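Me: Hi! I'm new to this one and would like a friendly tour. Could you show it to me before we start?

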Protein chains: 2
Amino acid sequence: MNRYETIANNLATQIREGLLPAGARLPSLRHLIAQYGVSQSTVFRAYSLLEQWGLVRAEERAGYFVTKGATVNETVRGEGLATEPRKVDISDLVFSVLESARHADIVPLGSAFPSPQLFPTARLLKSLVAGTRSLTPWNTVEDLPPGNDHLRQQISLRYVGTGMSVSPNEILITNGALEALNLCLMAVTRPGDLVAVESPGFYAALQAIERLDLRAVEIPVDPVSGLDLEALQSALDQHPIRACWFMPNFQNPTGTSLSADKKRALVELLRRREVPLIEDDVYQELHFSRDRPLPAKAFDTQGLVMHCSSFSKTLAPGYRIGWTAAGRFSDKVRRLKLMTTLSACIPAQAGVADYLEHGGYDKHLRSLRSSFQSQLERMETALHRWLPSPVRWVRPTGGYLLWLQLPQSVKAMELHALASARGISIAPGPIFSATHGFQDCIRLNFGHPWDNRFENAIRELAEILDDPSIHG
Amino acid sequence: MNRYETIANNLATQIREGLLPAGARLPSLRHLIAQYGVSQSTVFRAYSLLEQWGLVRAEERAGYFVTKGATVNETVRGEGLATEPRKVDISDLVFSVLESARHADIVPLGSAFPSPQLFPTARLLKSLVAGTRSLTPWNTVEDLPPGNDHLRQQISLRYVGTGMSVSPNEILITNGALEALNLCLMAVTRPGDLVAVESPGFYAALQAIERLDLRAVEIPVDPVSGLDLEALQSALDQHPIRACWFMPNFQNPTGTSLSADKKRALVELLRRREVPLIEDDVYQELHFSRDRPLPAKAFDTQGLVMHCSSFSKTLAPGYRIGWTAAGRFSDKVRRLKLMTTLSACIPAQAGVADYLEHGGYDKHLRSLRSSFQSQLERMETALHRWLPSPVRWVRPTGGYLLWLQLPQSVKAMELHALASARGISIAPGPIFSATHGFQDCIRLNFGHPWDNRFENAIRELAEILDDPSIHG
């Protein structure tokens, strides 16, 4: 990626997030030269690229100004109100989308996983062998929930790395974060209960609500500032909400995060009502800024936050090792684990523990984050190059998912069908809400090394967007 | 074990099962000499042992006759009637018992697992490495449910070994049989539904029913002939039973099996009413007779039987690899798996597949079965030696669990508490029924190499049985 592309991308982000609103003048030539330490011609090429993308227009002798409609608009920002409680009926839709994204020869823009090629498979196998050798036969009996002691200590140490203190005794090892989240939800609800989720939000939360005969209240997520706390507060006032299932860091699908202040306010809001928070934090380690963001759990003094995460998105997708630190609900969750799947794979637990101690996890994470960041830049450049200008997004600051707002006439399910037929998967907006809304949004995955397949897939999506049949 | 002990044990089994009823004459000296090819003095020592155990008495010049009360009595045979449907409230009881049995320094007579020392740990690790090496990074995406192809083919081949044809496509890999059973139950019930279970029966079935807000109807299990089909039929006539969860082979806790004719009749009974059967068959491979018993699924032509099993009791307890072949419910179960835990550990799946193909599973199973058989003989001998004569049991023909009927005045929960205090775990009868009945029964585990610890533990149980505080 060239310097001028980076500068253009950065300015584009400020425009879309409204920091440079419609009609605003772009930073001056002199300013950008000083800021980036580049030549005049580099800045001109950046200006020119932004113009080409339809985000700015040049006014002779006056400079470059942001065009109307370049900011992320109201639709993608959500409606500002929680939905009424509703039964959820989404699984068929989700499964039909997931099925179409499963084969290795599909361009996996709709996938929920990063490329498995980015993980240290060989080094991890070494740890799997060392960890398994270190087990006695009795560990198969003793490592029942809460799980392998060594692994729980290593996870506890990672909390220390963000300044948090979470005892190994609070940590329960699960079959990936998905099981942790499901067990936590089961621990704090009964059939018929109301659960607050994000909108748009992770479809697995909606599926769990459907499966357990619960009802969902959807709280809007602003793609810039994250979960709408006012909407949450008013939903809590109106409805007997029994639990929340939120993702404060690098939210799926929008990629947005709550600030530390908002996390603190969220926890305080729930504390006053004694409502437990199931916190999905699987992307925490995938931050692009220097420091790992805190989870909401860092602000919890009451044991109300059930923090769930895993190594599936950062290290070992197939090992199915996740965990929860479930606060005051720990015992209940541990019992549910014993009753439903007994324990996670014991050699895999020992292998991940060995890797965390000896494998160089932090070095691997730095490399992984850097790959995702450069892949994001490549994807943004391709989107600018191929897609018509009314396509908008907010640049995520971590993770590997990009939430795209298409022209309002687009029907994402039709786009999905046509893209599938060309061997390209996308995740259409309607799978992220029980309302089946977000028809004009799609989620793209930049967790794969960028190559011509992806470049061509973006070009093909642009072709499909020209097809009248996908517009309502 | 000496020959005379074997002969005495065999005769004791016939007496307890009622094949030699009270007052019957034992087979003659000449007959036993011919049958076992032993000397006269060996047979006399066997007679004398039976007399010592209180099962027979000598009548001068007439021979040996079975004493009154030597047969397994009505209590252990069950009451012959299904219970009324009831909510289940058993988990606290089960957990308190399981917790007390977890540490390696407890004599694990109450454990549900065989000794991990009997498994080919080193050979399996070799397969784990080979299997994991054979995976491509993409397998972490492609081996989502239904699971690793190679493993499903190997499991399908084991069905062929009993003459059954189960397609790899029907097989779903799960986190042990426990998850398979739970997913199957979830697939065919809704909160409030009635489920028929065995009485006494596996507590995990009762826990699942409690967790999912279902209600249980308990069908009596006769320790000799197994599930009471007449009681089942009348329960089906009286109540809208939505599913059955049964264990036709080496039932937990009684160790009893249904004959092939009874399995056929069971499947036919359920077929007429379109009631699905969740078949727990985790001990199938642990048969003491020459041939592997058929599951009930072998008689199913309608896809109503959901056959569940695993490698946890036969090969690899900590790998957490089980499966279900769920007939017409396969798709639904697969979706539930995707929604709750996504997939089983992928290296572990590949490892077990490699072992099944190259590791010598059948040889290992022969050795395992032979260990269990000889451990059972040692346990029976110790029981005869130390426990007062009104203790009764039916010799299991497979597995590693023995169901013991104590004098009727015994309270098994009190026995459990006193035994725990002495470092001995037992599984008390009341955890095997939502009625909390079977107060005078306990389940013992003979899945561990016999040694002085076990011998002493049986002796200590005898001492505790002399304690008046455990008698009601």
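Reply: Here it is, and a word on terms before we look inside: a cavity is a set of grid points where a 1.4 Å probe fits but cannot get out. Keep in mind that this is a predicted model.

Me: Okay, what volume does the largest cavity have?
Reply: The largest cavity has a volume of about 650 Å³.

Me: And which residues lie nearest its centre?
Reply: Those are A:L98, A:A112, A:F113, A:Y203 and B:L342, out of 45 residues that line the largest cavity. Several elements give two or more residues to that lining: from chain A, helix 5 (91-99), helix 9 (176-188) and helix 10 (203-211), and from chain B, helix 7 (139-142) and helix 13 (330-340).

Me: How many of the lining residues are nonpolar, polar and charged?
Reply: For the largest cavity, 28 are nonpolar, 10 are polar and seven are charged.

Me: What about the second largest cavity, what's its volume?
Reply: The second largest cavity comes to about 560 Å³. It is lined by 36 residues, and the closest to its centre are A:L342, B:A112, B:F113, B:F202 and B:Y203.

Me: Which elements give two or more residues to that lining?
Reply: Chain A provides helix 13 (330-340), while chain B provides helix 5 (91-99), helix 9 (176-188) and helix 10 (203-211). By class, the lining of the second largest cavity has 23 nonpolar, seven polar and six charged residues.

Me: Let's switch to the chains. How can chain B be laid on chain A?
Reply: A turn of 180° with a shift of 0.0 Å along the axis does it, giving an RMSD of 0.0 Å. The two copies are therefore related as by a two-fold rotation axis.

Me: Which C-alpha of chain B is nearest the axis?
Reply: That of B:C345, 3.2 Å from the axis.

Me: New topic: strand 4 of chain B. Is it mostly covered or uncovered?
Reply: Mostly covered. Strand 4 spans residues 194-199 of chain B, and six of its six residues are buried.

Me: Which strands does it pair with?
Reply: In chain B, strand 4 pairs in the parallel sense with strand 5 (residues 215-222) over six bridges. Strand 4 also pairs in the parallel sense with strand 7 (residues 241-246) of chain B, over four bridges.

Me: Which residues stand opposite each other there?
Reply: B:V197 stands opposite B:E218 in strand 5 of chain B, and B:A196 stands opposite B:C244 in strand 7 of chain B.

Me: What do strand 4, helix 10 and strand 5 of chain B make?
Reply: Together they make a right-handed β-α-β unit.

Definitions and conventions. Residues numbered from 1 in each chain as written. Chains lettered and ligands numbered in written order. Predicted model: local features only at pLDDT ≥ 70, side-chain atom pairs only at ≥ 80, totals over all residues. Heavy atoms only, no water. 1 Å grid on protein atoms, 1.4 Å probe; cavity = no way out; pocket = protein on both sides within 12 Å on 5 of 7 lines; lining within 4 Å. Points joined across faces, edges and corners; volume = space filled by probe spheres on them. Nonpolar A, V, L, I, M, F, W, Y, C, P; charged D, E, K, R; others polar. Buried < 20%, exposed > 50% of the residue type's maximum accessible area, 1.4 Å probe, protein only. Pairing = 2+ DSSP bridges. Right-handed = clockwise from strand over helix to strand, strands pointing away. Least-squares fit on C-alpha atoms with pLDDT ≥ 70 in both.
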